[in-house]
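Please look at the sequence and the model below before reading on. The paragraphs that follow lead through the structure step by step.

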Amino acid sequence: MSLTVSPPGRSGPAPLSERAAASRTEFQDEQRLRAARRTAAIDASTRLPVLVYFASALFWLIMGSVLAILASIKLHAPWFFDEASWLTFGRVRPAHLNTMAYGWASMGSVATALWLTARLTRAPLAYPRLVAGSAILWNLGLLAGAIGILTGSSTSVEWLELPPWSAPPIAAAFVIVSVSAFVTFARRTEKHVYVSLWYILAAVLWFPWLYTAANLMMFSQPVSGVPLATLNWWYAHNALGLWFTPVGLAAAYYLIPKVIGRPIYSYALSVIGFWSLALFYNWNGGHHLIGGPVPAWLVTVSIVASVSMIIPVIAVAINHHMTMTSHFSVLKRSPTLRFVVFAAVAYTLTSLQGSMEALREVNRITHFTHYTIGHAHLGLYGFVTMMLFGTMYYAVPRLTGREWASATAARLHFWTCALGVVLYVGALSIGGWIQGMMLNDAETPFMKIVETTIPYLQARSVAGGLMTTGHVIFLGLFIMNLTGFGPRRQGPLTWDERADSAHRGHQLTRPSSSSMSLKETRV
Amino acid sequence: MSDHHANGSAPATSERLSLMNYAPPIVLGVALTFLSSWLGLVLAPLVQIGDQGPIPTLEGGLDQYPNPSVGRLELGRQVYIENGCLYCHSQQIRPEPFGADIARGWGPRRTTPTDYIYDKPHLLGTSRTGPDLTNIGARQPSAEWHHRHLYWPPSTSPGSIMPSFRFLYETRKIVGEPSDRRIVDFEGVPEHLQPPPGYQIVPSEKATALVAYLISLDRTQDLPVAGAPTP
């Protein structure tokens, strides 16, 4: 039931299960109603900034998808739009990465982090209008940056390609976001600091610091040569490990227990997972330079740290899995949970894969190949993107007061994206591995390798088409939700396929209705 | 193991007393772990290899290796950067037997930090969708070859998936004598991309600079430290 207006106060998150619905007393109902009203008021304080950040994120998701498809097609059909300098592969690719990383994933993560901060501290979000304003600054900075990359002002430093006029506004906007999160935290009325908040506090401290330090050292200091490469990969890997990962995990730690109505399995594992991530993740960067002209100790330290990442990853995986145990049937009903669990599994897989890839013997094969690109997408798409979708499915209706307009569209969204990313990662992992084996055999002519990879690159374009289809569907759902299509939220929601109102695709059920969880519902 | 709620029911005593309920220990802890990695992965390499200078290559120190890219070479480097060549081409040679870089003829030895002291930003690259370019100048010193290749890659390298960079070239009417910088050989170039009669294809300043930069890429100089075997 508590897919509803949210954390039902001190009585514990109410489960979607029929048992709980049956045993509920009127007193508990009353308590829950009051808690729900409190949460609704807190949600309301985040409405403007969170929706502005989510909407911006979606805009960049579509832009990034178009650039992605262009870049992908160009790798197996190089004549595709090759007349104009601004559409050449070497510009479209970084434009894709930067719009996705700093537009879609980062702005979506900001919205997620702020929404969770207000909820978990039980305090209204600080400076909501200022935060919403920061999104404008961010968007303008990124737009100018993306155009800059396409018109020839890319720095060609991977993950830091945005030209010098673009990074400062984004950093400034981020500082505003961080200040808002910390001030909200300082005004908290909830004494218990939930695990998601640890991750968010860490992330909003780490990222602006990291981003500013990396940009300053890279472009305004008299440093040159190989030390820039170690700086580059210290930054780029930390953007994943100290920004997207903690926010993604914060969302998982919040949404899984929330949707299934059950506490997180182990506090101890949460603590171990958090601190081991903080300790090991930021030392991983050197594994991007294995075999390169860098000090051997640096590479070795990074390999050790990469393998040590198994500790936080397994801790989180066990914690989430044990929380989910015997509740997997909820996956059929809840779009949020489907995306979130998919993302959590992808996190475990991509992290373990990353630990293996850092080993010298594996890296000897995978380095410089498309395998790495597949791995990156398992992380940034399978984990981060799917987690953001899951979060939006949960948060947006609670902010707009409208439910999603179509269950069928949501289902299509899930399956196009899920199949898309599986095909993407599968194709590039196999193709990349073969490419690496061939590269290491000096007898194999280079052009033979190029030829061999082409079918895998074509499969990647198909995968990109599937994912983009899902993005467009979700954009449609989001716009409909914002513009008042879709049923008004009255209480907790389950997706009900059997709904007599076939044109609506689903129906809402009130907390007191015993019918809600008896129906076989799927999304 | 105690329950752990998403803002739900009252936490167990151990959780209520946990330091994880306070900002200072969390903020201090994550700040320290972050700083430690900056010291290790950023500052330490800077101290260790950041102050290397060029080495004299002729007796009496008359020449040095490496040399900074200046003038046209620097412009060429900028063209390389703005068009994102490094997304497909690396500039680093790994030591044997770590990969087949040397066996493929991409370089006679592994590269070392000395090879890159003037590179800002660095262009080591992380992808080999195309071949490594560490020593492309030594391997392919012909400017004419590079221009043909950039204008229409399959003309010199059948099967290549490199994009055409013909936006760096100009179609100009021949007035008087044709330019001696024009592309002469159009074998393998599709008809519609060949110049119409009375016209010629000449490299722009950027194309000329890019080719000059590519030809300058030669890190075959003997370096004593490059013998070190550790990957």
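What pLDDT does chain A average, and what percentage of the residues score at least 70? Chain A averages a pLDDT of 90, and 89% of the residues score at least 70, where pLDDT is the predictor's confidence in each residue, from 0 to 100. This is a predicted model, in which local features need pLDDT of at least 70 and side-chain atom pairs count only at pLDDT 80 or more, whereas totals for chains, interfaces and linings use all residues. Residues are numbered from 1 along each chain as its sequence is written, and chains are lettered from A and ligands numbered from 1 in the order in which they are written. The model scores ipTM 0.92 and pTM 0.90.

Two stretches of chain A call for care. Over residues 1-19 of chain A the pLDDT is below 50, and this stretch has 76 contacts in the model beyond near neighbours in sequence, a contact being two residues whose C-beta atoms, placed from the backbone, lie within 7 Å. Over residues 496-523 of chain A the pLDDT likewise stays under 50, and the model has 58 contacts for this stretch beyond four places in sequence.

Chain B averages a pLDDT of 90, with 91% of the residues scoring at least 70. From the N terminus on, the elements of chain B follow the order α-α-β-β-α-α-α-β-β-α. The radius of gyration of chain B, taken over C-alpha atoms, is 26 Å, well over the 17 Å that the globule rule gives for 231 residues, so chain B is more spread out than a compact globule; the rule is 2.2 Å times the number of residues to the power 0.38. Along its principal axes the C-alpha trace of chain B spans about 90 × 55 × 35 Å.

UniProt, in an unreviewed entry, places a "transmembrane region" at residues 26-47 of chain B; UniProt positions are given in the numbering used here, feature names are shortened, and annotations may be inferred rather than shown by experiment. In the model, residues 26-47 of chain B are 100% helix and 0% strand, with end C-alpha atoms 30 Å apart. The UniProt annotation "domain: Cytochrome c", also from an unreviewed entry, covers residues 71-218 of chain B, and over these residues the chain is 24% helix and 7% strand.

Where the two chains meet, the contact takes 92 residues from chain A and 74 residues from chain B. The largest share of the side of chain A that touches chain B, 11 residues, comes from helix 7 of chain A. The axes of helix 7 of chain A and helix 2 (residues 23-49) of chain B come within 9 Å and cross at roughly 175 degrees, the axes being lines fitted to C-alpha atoms, for helices over the stretch in contact, and the angles running from 0 to 180 degrees between N-to-C directions. That crossing makes helix 7 of chain A roughly antiparallel to helix 2 of chain B (angles over 145 degrees count as roughly antiparallel, under 35 as roughly parallel, 65 to 115 as roughly perpendicular and the rest as oblique). Among the residues that make this contact are A:Trp234 of helix 7 of chain A and B:Leu41 of helix 2 of chain B.

Terms used
Helices (H or I, at least four residues) and strands (E, at least two) are DSSP runs, numbered from the N terminus.
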